Amino acid sequence: MSSTVGCGTTLARAPVPTASCSGRVLLPCRELPLFVRDVLRRRPTLRRPSGHLLLTAACTPTEVEGSASRQSSVDSNDLGVVKTYDVVALSNLCVDIVLEVPELPAADDGVRQQLLRELTAAKMVEDETWEVGGNANFMISAARLGMAVASIGHVNDDRFGKFMARVLEDEAVKHVERVPLPPAEEGVNAETLLCFVLVDPDSNHAFCSRYDFGPWPLLDHVEELPESSLQLLRDTRAVYVNGFCFDELRPDTVVTAMSAARSAGAAVFFDPGPRAWTMLEGERRRAMEGVLDSAS
């Protein structure tokens with residue numbers, strides 16, 4: 001099966017990425033963008049939350065015990081403030097469900113919306129077709145590099161959210177700060193986000209999720225991130241955000257969050273991704289420029 005990122009788009013085949021022992025498909029850690037590795041390599045040493053490990057500037061875990069010289073190394077950011085995390089990913093948490101289909105659906109919103117309703121209503125049983133998606137791929141790769149990783153995003157306590165939480169815990173992601181759920185009457189948007197990955201016999205595939213149809217932003221009830229989330233952004237050396245964030249959160253909420261992180265000395269990495277076309281004008285264009293102003 002080909003490897004792609006995004007929702008609602010049929011993409012050409014791509015080189016097959018590394019598969020983990022659990023069956024989830026992840027990009028090899030070495031494929032972390034060079035500029036990301038370079039910036040993190042140049043930023044100071046960090047003491048990990050467990051107190052048992054230090055992350056050196058070259059991203060190599062080293063035992064604290066018996067290493068006096070390592071204990072005396074710098075463990076703060078450029079402003080001299082000690083940070084708990086190496087990187088925090090904002091938003092875009094979803095569970096991918098891979099389904100084989102005889103043919104991909106027509107590129108018609110009505111057809112795809114009906115398909116999404118049918119798939120969402122189906123009684124799915126957890127199996128090897130379930131994968132964590134979205135920013136979870138970035139977080140797992142970072143954690144496997146030895147980084148202290150956290151996330152701020154929308155995950156419910158439903159079976160998909162529990163699956164997400166279990167996988168991230170198994171992969172040593174330290175913390176997931178949950179964005180507050182909407183009022184009960186808002187219904188489906190309270191559920192953990194699902195993305196159905198439809199694969200035809202020729203390994204072409206398309207994605208189908210709420211990202212494609214809105215209403216946007218999906219978490220319109222979140223006017224601002226709670227103080228606990230903002231504090232997490234102040235307590236990290238770097239923040240990663242991608243273009244799907246604007247489908248979930250209000251643009252001004254994202255800009256405010258990135259500004260808070262940058263003001264606390266964090267490096268900000270922004271990947272517009274396949275949703276870049278939604279940022280050509282209007283509110284999202286202004287928000288993208290605001291995030292880029294904070295980006296490293």
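This tour moves through the structure stop by stop, naming what to select and what is found there.

The structure is a predicted model, in which local features need pLDDT of at least 70, side-chain atom pairs count only at pLDDT 80 or more, and totals for chains, interfaces and linings use all residues. Residues are numbered from 1 along each chain as its sequence is written, and side-chain values use heavy atoms, with hydrogens and water left out.

**The whole protein**

Of its 296 residues, 51% count as buried. Buried means under 20% relative accessible area, exposed means over 50%, and partly exposed lies in between (1.4 Å probe, protein chains only). The protein exposes about 13900 Å², and carbon and sulfur atoms supply 53% of that area; accessible areas come from the Shrake-Rupley method with a 1.4 Å probe, and for residues only the protein chains shown count as cover. Among contacts between residues at least 6 apart in sequence, 78% join residues at least 24 apart, a contact being heavy atoms within 4.5 Å.

Select Asp 86 and Arg 237. Their side chains meet in a salt bridge, at 2.4 Å from N to O. The term denotes a side-chain nitrogen of Lys or Arg within 4 Å of a carboxyl oxygen of Asp or Glu. Asp 86 belongs to strand β4 (residues 85-90) and Arg 237 to strand β11 (residues 236-242), so the pair ties together parts that are 151 residues apart in sequence. Both Asp 86 and Arg 237 are buried. A search of the whole structure finds 8 salt bridges.

Select Arg 144 and Glu 171, whose side chains form a salt bridge of 2.9 Å, N to O. This pair links distant parts of the chain: Arg 144 is in helix α4 (residues 135-144), and Glu 171 is in the loop between α5 (159-170) and β8 (175-178), 27 residues apart. Arg 144 is partly exposed at 42% relative accessibility, whereas Glu 171 is buried at 13%.

Next, select Arg 285 and Glu 289. The closest N and O atoms of this salt bridge are 3.0 Å apart. Both residues lie in helix α9 (residues 282-294), 4 residues apart, which is about one turn of the helix. Arg 285 is partly exposed, with a relative accessible area of 33%, and Glu 289 is partly exposed at 37%.

Select Met 164 in helix α5. Is this residue buried or exposed? Met 164 counts as buried, at 1% relative accessibility. Leaving aside neighbours within four places in sequence, Met 164 is in contact with Leu 93, Cys 94, Val 95, Val 132, Ala 136 and Val 155.

Select Asp 271, in strand β12 (residues 267-271). Asp 271 is partly exposed, with a relative accessible area of 34%. Not counting residues up to four places away in sequence, Asp 271 touches Tyr 240, Val 241, Asn 242 and Gly 243. Gly 243 is 28 residues from Asp 271 in sequence, and their C-alpha atoms are 6.2 Å apart.

Turn to the loop between β10 and α6, where Pro 215 is found. A cis peptide bond joins Gly 214 and Pro 215, with omega about 0°. Pro 217 is in the loop between β10 and α6 as well, and the peptide bond from Trp 216 to Pro 217 is cis, with omega near -10°.

Now select Asn 92, in the loop between β4 and β5 (93-100). Its phi is near 55°, a positive value in a residue other than glycine. Asn 92 is buried, at 3% relative accessibility. Ser 203, in the loop between β9 (194-199) and β10, has a positive phi near 70° and is partly exposed, with a relative accessible area of 23%.

Notes. Helix = DSSP H or I, 4+ residues; strand = E, 2+ residues; numbered from the N terminus.
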